[in-house]
Amino acid sequence: MEPNDFRADTGAQLDFSNDMSYGDYLQLDQVLGAQHPLSPDHNELLFIVQHQTSELWMKLMLHELQAAIADVAADQLPPAFKKLSRVSRIMEQLVHAWDVLATMTPPEYTAIRPYLGRSSGFQSWQYRCIEFACGNKNAAMLEPHRHSPERLAEVERAYTSPSLYDEALRLVARHGIEVPARVLQRDVSQPYTADTGVEAAWLEVYRNPEAHWNLYQLGEELVDLEDAFRLWRFRHLTTVERVIGFKRGTGGTSGVDYLRMMLDTQLFPELWSIRTQL
């Protein structure tokens, strides 16, 4: 049989007049009908698909992150490890997505840029929730969502909730390792800053991993996640510089300079600093 000579007697269902099909289940008419280029330029579809698929991956990432935070808070570490590992793999998908967008050249982007108005990835409410869930809190980042009460409520919930690292440090304390009260009782809506007492706690875990295996594994899951996050930020920076140079972003940021500043953001600082002392 030739590769394209499909026969009806293979047993595959061919009639879906009364059953749910693949396209029905995935609602592909709605998904594939959601791309509406505003410019006449051929390359705008790439720009739209790149960002829409990234938002879909971020939807899954938030789903996993929020569940992992709840697992850590409930001392359910094996399922938390599974979810955090998945989050890191999702972030790797987002890193490689920049490879496709990087095929857009400066003249191609210039052709569509006027049609973007003031819209920018900076305004992604899902990305902001991911940042907040990982502990990078900043009240100013609520403002781009104030025009939409429903979205603002989502972002505010992430902003005022304990981050993944907050719950991880509470877990460390519950396992009998001293974590300073100033850290455990801090205002979780504020950005986390490195603490020498937390560094000492992680050092205790890492110097005796056999006695603290679950905490040790949690620490490594957090490092994996931040490692992937750093790669995503760096790839974002290099793609933007490649496509628009040092122009300001459509959302008003300084573009490459802003992204370069964000490279210095640390989510779980003590898990990196202890490596010098081990």
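The legends below describe close-up views of a predicted model.

View 1. When residues up to four places away in sequence are not counted, S39 touches E44, I112 and Y115.

**View 2. L45 in helix 3.** L45 has its place in helix 3 and, at 41% relative accessibility, counts as partly exposed. Between L45 and N18 there are 34 Å in space, taken from C-alpha to C-alpha, for a separation of 27 residues in sequence.

**View 3. The largest nonpolar core.** This core has 71 residues, and those with the most contacts inside it are L65, L164, Y165 and W202. Helix 11 (residues 213–244) supplies the largest share of the core, namely 12 residues. In soluble globular proteins, nonpolar side chains tend to be buried together. In this model W202 is buried, with a relative accessible area of 1%, and, leaving aside its neighbours within four places in sequence, W202 is in contact with Y165, L169, V172, L215, G219, E270, L271 and I274.

**View 4. Helix 10 and its packing partners.** Helix 10 (residues 196–207) has 12 residues and reaches 16 Å from its first C-alpha to its last, which is close to the 16 Å expected at 1.5 Å a residue. The N-terminal end of helix 10 is capped by D195, a side-chain oxygen of which lies 2.7 Å from the backbone nitrogen of G197. Within helix 10, the residues G197, V198, E199, A201, W202, L203, V205 and Y206 are buried, and the buried residues of this helix pack against helix 8 (164–174), helix 9 (181–184), helix 11 and helix 13 (269–277).

**View 5. Aromatic pairs, with W98 and W232 as one example.** The structure holds 11 aromatic pairs. The rings of W98 and W232 have their centres 5.8 Å apart and their planes at 55 degrees, so this pair is classed as tilted. The pair links distant parts of the chain, since W98 belongs to helix 4 (residues 77–101) and W232 to helix 11, 134 residues apart. W98 counts as buried at 6% relative accessibility, and W232 is likewise buried, with a relative accessible area of 11%. A further pair, formed by W202 and Y206, is edge-to-face, with 6.4 Å from centre to centre and 70 degrees between the planes. W202 and Y206 both lie in helix 10, 4 residues apart, or about one turn of the helix, and Y206 is buried with a relative accessible area of 10%.

**View 6. An aromatic cluster and arginines over ring faces.** W98, Y127, F229 and W232 form one aromatic cluster. R233 lies over the face of F229, at 4.6 Å from the ring centre, and R230 lies over the face of W272, at 4.0 Å from the ring centre.

Note on methods. Residues numbered from 1 in each chain as written. Predicted model: local features only at pLDDT ≥ 70, side-chain atom pairs only at ≥ 80, totals over all residues. Heavy atoms only, no water. Contact = heavy atoms within 4.5 Å. Core = buried A, V, L, I, M, F, W, Y, C linked by side-chain atoms within 4.5 Å. Buried < 20%, exposed > 50% of the residue type's maximum accessible area, 1.4 Å probe, protein only. Helix = DSSP H or I, 4+ residues; strand = E, 2+ residues; numbered from the N terminus. Expected span 1.5 Å × (residues − 1). Polar contact = N/O pair within 3.5 Å; in protein donor to acceptor, adjacent residues only side chain to side chain. Phe/Tyr/Trp six-rings, centres within 6.5 Å; stacked < 30°, edge-to-face > 60°. Lys NZ or Arg CZ within 6 Å of the ring centre and 35° of its normal.
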